[in-house]
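Trainee: Before we start, could you take me through this model one question at a time? I would like each answer to end on the value or name I asked for.

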Amino acid sequence: MELVPIDPDAGDDHPLLRRAAERLRAGGLVAFPTETVYGLGAHALDEAAVARIYAAKGRPAHNPVIVHVADAQAARAVVAEWTPHAELLARRFWPGPLTLVLPKGADVPASVVAGLAKVGVRVPAHPLALALLRAARVPVAAPSANRSNEVSPTTARHVVESLEGADVLVLDGGACSVGIESTVVDVSGPRPVLLRPGGVARDELERALGVPIATVEEVRDDAPRAAPGMLKKHYSTRAPLATTPHGDLAALRARLLRAPTPRAALVFESAARELRGEPLVVAMPDDPRAYARRLYAALRELDARAPALIVVESPPPGVAWDALRDRLSRAAAGADDAAG
């Protein structure tokens, strides 16, 4: 693994960008920042290169990967059909943290889409990611640059910690500005379907489309996923993680008292002020965008202290917090059984 710092605003002709682009075209792996999280990229139309992503991550074959492209024209080249809903959302939210799922083009390998007939595609809103995609001149398959099911990386150092020993060129372009993964919407049919909440809220999508969005049903653990991030347990710390209701200080204290030691807490600032006696507490902001930027780094910070349990105060209700509730509920799956 090689870590190289690079200015996020480096142009397409920067020597490091040219080197990374050549590596992608040759079938190698490149980790790079997007506005959401760091991605582990490979040439999306090269089946052997895509296989290297799965091997480096230990990713199950039934979990598809998103294809990143430089613009909407490049997106149309990897899908078999470009629908009116796709056009509306691409015009409104690209570049940005939104993935559109459409019928896949004939050149997209089955491994990219977990053997299904649709592919997720997006245009990231990070200058370094866009420069790399333009320089590479190929679509780039890129799930998060970490071991499968672990907490996603929002800095290059997180990538190195997660994928130590892998043959990856890591472009260090600083911390990610959104901090959680993209929203994924299937726009292949007459009614859009939300597959994963993320950086674009559901109400924003519905306003742009002028129609309500359906919600996907749960699928079996071993069945192919229509999109990444749909595994029941995902975004997981090494320590078990348990949630308590938002604003319920009594429940939070009770859960901490039942927890084995050492214990840790990830809570909102008002609760943190009441937990001054606890040694491992991270206070989180009340704004959902600021919370998202901080979440994965905060979980890694606590996990590095090797607690027996991380207790998390759940985010409040409301559509702005949907993606964060989703990430934490998947991270906490099975924690009560594991930690008592």
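**Working through the model**

Trainee: In which strand is Thr 244 found?

Mentor: Helices (H or I, at least four residues) and strands (E, at least two) are DSSP runs, numbered from the N terminus. By that numbering, Thr 244 is found in residues 241–244, which form strand β12.

Trainee: What kind of model is this, and what is left out of the side-chain values?

Mentor: The model is predicted, with local features requiring pLDDT of at least 70 and side-chain atom pairs counted only at pLDDT 80 or more, while totals for chains, interfaces and linings use all residues. Residues are numbered from 1 along each chain as its sequence is written, and side-chain values use heavy atoms, leaving out hydrogens and water.

Trainee: Is Thr 244 buried or exposed?

Mentor: The classes rest on relative accessible area: buried is under 20%, exposed is over 50%, and partly exposed is in between (1.4 Å probe, protein chains only). Thr 244 has a relative accessible area of 4%, so it counts as buried.

Trainee: Which residues does Thr 244 contact, leaving aside neighbours within four places in sequence?

Mentor: Contact means heavy atoms within 4.5 Å. With those neighbours set aside, the partners of Thr 244 are Ala 251, Leu 252, Arg 255, Val 311, Val 312, Glu 313 and Ser 314.

Trainee: What is the relative accessibility of Thr 99?

Mentor: Thr 99 lies in strand β5. Not counting residues up to four places away in sequence, its contacts include Ile 66, Gly 120, Arg 122 and Thr 183. Thr 99 counts as buried because its relative accessibility is 0%.

Trainee: How are the rings of Trp 82 and Trp 94 arranged: stacked, edge-to-face or tilted?

Mentor: Rings of Phe, Tyr and Trp (its six-membered ring) pair if their centres lie within 6.5 Å; planes under 30 degrees apart are stacked, over 60 edge-to-face, and the rest tilted. A search of the whole structure finds four aromatic pairs. For Trp 82 and Trp 94, the centres are 6.1 Å apart and the planes stand at 45°, so the pair is tilted.

Trainee: How many residues apart are Trp 82 and Trp 94?

Mentor: Trp 82 is in the loop between α3 (72–76) and α4 (84–93), and Trp 94 is in the loop between α4 and β5 (98–103). The pair links distant parts of the chain, with a separation in residues of twelve.

Trainee: What is the omega of the peptide bond between Trp 94 and Pro 95?

Mentor: Trp 94 is buried, at 10% relative accessibility. Pro 95 lies in the loop between α4 and β5. The peptide bond joining them is cis, with an omega of about -10°.

Trainee: Which residue joins Tyr 291 and Trp 321 in one aromatic cluster?

Mentor: Tyr 291 and Trp 321 make an edge-to-face pair, 5.4 Å centre to centre with 80° between the planes. Tyr 291 lies in helix α10 (residues 288–303) and Trp 321 in the loop between β15 (309–313) and α11 (322–331), so the pair ties together parts 30 residues apart in sequence. Tyr 291 is buried at a relative accessible area of 0%, and Trp 321 is buried at 6%. The cluster made with Tyr 291 and Trp 321 also contains Phe 268.

Trainee: How are helices α1 and α5 oriented to each other?

Mentor: Axes are lines fitted to C-alpha atoms, for helices over the stretch in contact, with angles from 0 to 180 degrees between N-to-C directions. The axes of α1 (residues 15–25) and α5 come within 8 Å and cross at roughly 55°. Angles under 35 degrees count as roughly parallel, over 145 as roughly antiparallel, 65 to 115 as roughly perpendicular, and the rest as oblique. The two helices, α1 and α5, are therefore oblique.

Trainee: How many residues of α5 are buried?

Mentor: The buried residues of α5 pack against α1, β2 (29–33), β4 (67–68), β7 and β8 (168–172). Among them are Leu 128, Ala 131 and Leu 132. Helix α5 is largely enclosed by the rest of the structure because the buried share of its residues is eight of the ten.

Trainee: What is the phi of Arg 137?

Mentor: Arg 137 is found in the loop between α5 (127–136) and β7 (140–141). Arg 137 counts as exposed, at 63% relative accessibility. Although Arg 137 is not a glycine, its phi is positive, at about 60°.
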